[in-house]
There are 2 protein chains.
Amino acid sequence: MGTRILTVKENILAANTKEAGIIRELLNRHNIGMINIMSSPGSGKTSVILQTIHRLRDRYRIAVIEGDIASSMDTDKITRLNIPAVQINTSGGCHLDARMTRKALDALDLDRINLIFIENVGNLVCTADFDLGAHKKVVILSIPEGDDKPHKYPVMFVEADVVLVNKTDVLPHFDFKLEEFPAIISGLNPSARVFPVSAKTQDGLNRWISWIEETFSGTSCEDS
Amino acid sequence: MGTRILTVKENILAANTKEAGIIRELLNRHNIGMINIMSSPGSGKTSVILQTIHRLRDRYRIAVIEGDIASSMDTDKITRLNIPAVQINTSGGCHLDARMTRKALDALDLDRINLIFIENVGNLVCTADFDLGAHKKVVILSIPEGDDKPHKYPVMFVEADVVLVNKTDVLPHFDFKLEEFPAIISGLNPSARVFPVSAKTQDGLNRWISWIEETFSGTSCEDS
């Protein structure tokens with residue numbers, strides 16, 4: 001039975017990668033950048049996205065795809081900002097996949113968007129395996145989760161373009177060695193950028209915002 | 001393809017439930033209690049287990065089954081206490097299953113144990129679906145993760161016998177409505193017990209320890 005399950009998983013991943021390629025072509029045709037944001041539950045994906053919207057909305061036409069197992073609490077927070085948001089409820093599924101993402105994109109007016117954030121399901125394991133057609137993958141790890149997580153959940157960190165270390169405002173209350181953390185990440189993934197931030201106090205957000213602007217300079221409103 | 005995947009998942013779950021039943025019979029024959037502890041990464045599973053061992057080791061002969069995607073960092077912490085611990089590395093898998101659990105039990109001397117803690121893979125989604133043959137399911141949610149998590153990840157909380165709200169020592173630094181939290185849980189799962197604890201300061205651990213003693217009174221060393 002093990003081999004059969006493995007084959008099914010390989011087939012699923014192969015089909016997903018093909019669909020992700022189609023999505024990237026679609027986005028490129030529309031000159032849209034897309035970022036897949038992943039983390040455990042409660043690391044601060046929604047808060048980071050909200051702060052990022054505030055800082056970039058005068059330069060980018062932003063949309064958000066919200067992945068959740070149940071509820072639309074996060075989507076409601078986004079739409080309150082008058083930002084287009086599409087809710088995907090996975091009905092228990094532990095990650096988004098490319099097919100769900102494509103369906104969400106169908107619900108957006110791609111000619112009026114140039115930057116999309118995907119808030120994936122809160123899961124540090126399953127989300128890492130599925131290419132959603134995004135151009136960049138961002139992992140958020142929050143200070144209370146502990147600095148040992150990259151060793152315990154390596155796949156996610158090996159795949160990431162950026163690691164945001166969120167909730168730095170509570171650093172004094174936890175045993176998280178922030179100064180040594182970039183070396184832990186570069187040991188797993190030498191090209192990943194590490195940005196310590198606090199979505200609450202807004203500390204450190206400038207470097208994250210600059211990284212987005214450098215990465216997606218060709219897609220800003222000013223160029224279109 | 002969707003239907004085929006669903007059928008495979010149903011087959012996997014049915015096979016798992018059957019295996020879990022065999023495990024429970026095996027445990028009952030040996031008069032062993034087993035608790036499956038689940039949470040997101042970094043909620044404090046290992047710390048809670050370590051504190052629980054300290055408080056119960058003179059009354060129970062304890063063993064631990066440690067589920068991890070990679071690494072044996074947590075198992076090393078347990079064995080340092082001279083407590084038998086079996087490591088299961090899932091090689092990327094996002095949860096333990098009954099087959100893995102049975103294999104781990106094979107590596108333990110069941111005639112010399114009367115209480116087993118399973119530390120599942122850090123995952124608030126996938127672990128909830130798989131019965132491991134344990135008698136009780138415990139979910140740990142830590143204060144920094146936020147009080148909205150039961151609504152966003154309901155399956156886990158609907159299934160739980162106990163919800164441990166860990167890291168209460170940092171409550172003043174987070175917006176977590178601890179007083180209202182038991183009502184949120186009882187709205188999803190009226191029979192679940194909610195115990196606020198801090199594995200760090202040991203605050204609140206007495207109620208959790210008493211619950212274990214009441215639940216597994218028949219398996220303590222004194223009775224054997």
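How many salt bridges does the rule find across the interface of chain A and chain B? Here are a few notes on that and on the fold.

1. The rule finds two (a salt bridge being a side-chain nitrogen of Lys or Arg within 4 Å of a carboxyl oxygen of Asp or Glu) across the interface of chain A and chain B. In one salt bridge, B:K152 meets A:D74 through their side chains, at 2.8 Å from N to O.

2. A word on conventions: this is a predicted model, where local features need pLDDT of at least 70 and side-chain atom pairs count only at pLDDT 80 or more, while totals for chains, interfaces and linings use all residues. Residues are numbered from 1 along each chain as its sequence is written, and side-chain values use heavy atoms, without hydrogens and water.

3. About 3000 Å² is buried between chain A and chain B (accessible area, 1.4 Å probe, that two parts lose on being put together, summed over both). Carbon and sulfur atoms give 66% of this area. Of what chain A buries against chain B, 19% comes from A:P41, A:K152 and A:H173, more than from any other three residues.

4. Now the fold: chain A has an open sheet of seven strands, paired in parallel, in the order β3-β2-β4-β1-β5-β6-β7. Strands are DSSP runs (E, at least two residues), numbered from the N terminus, and two of them pair if DSSP finds at least two bridges between them. At the edges of the sheet in chain A are β3 (85–89) and β7 (193–196), each pairing on one side only.

5. Inside that sheet, five bridges join β5 (residues 136–142) of chain A to the parallel β6 (residues 162–166) of chain A. A:V138 has A:V162 as its bridge partner in β6(A).

Definitions and conventions. Chains lettered and ligands numbered in written order. Helix = DSSP H or I, 4+ residues; strand = E, 2+ residues; numbered from the N terminus.
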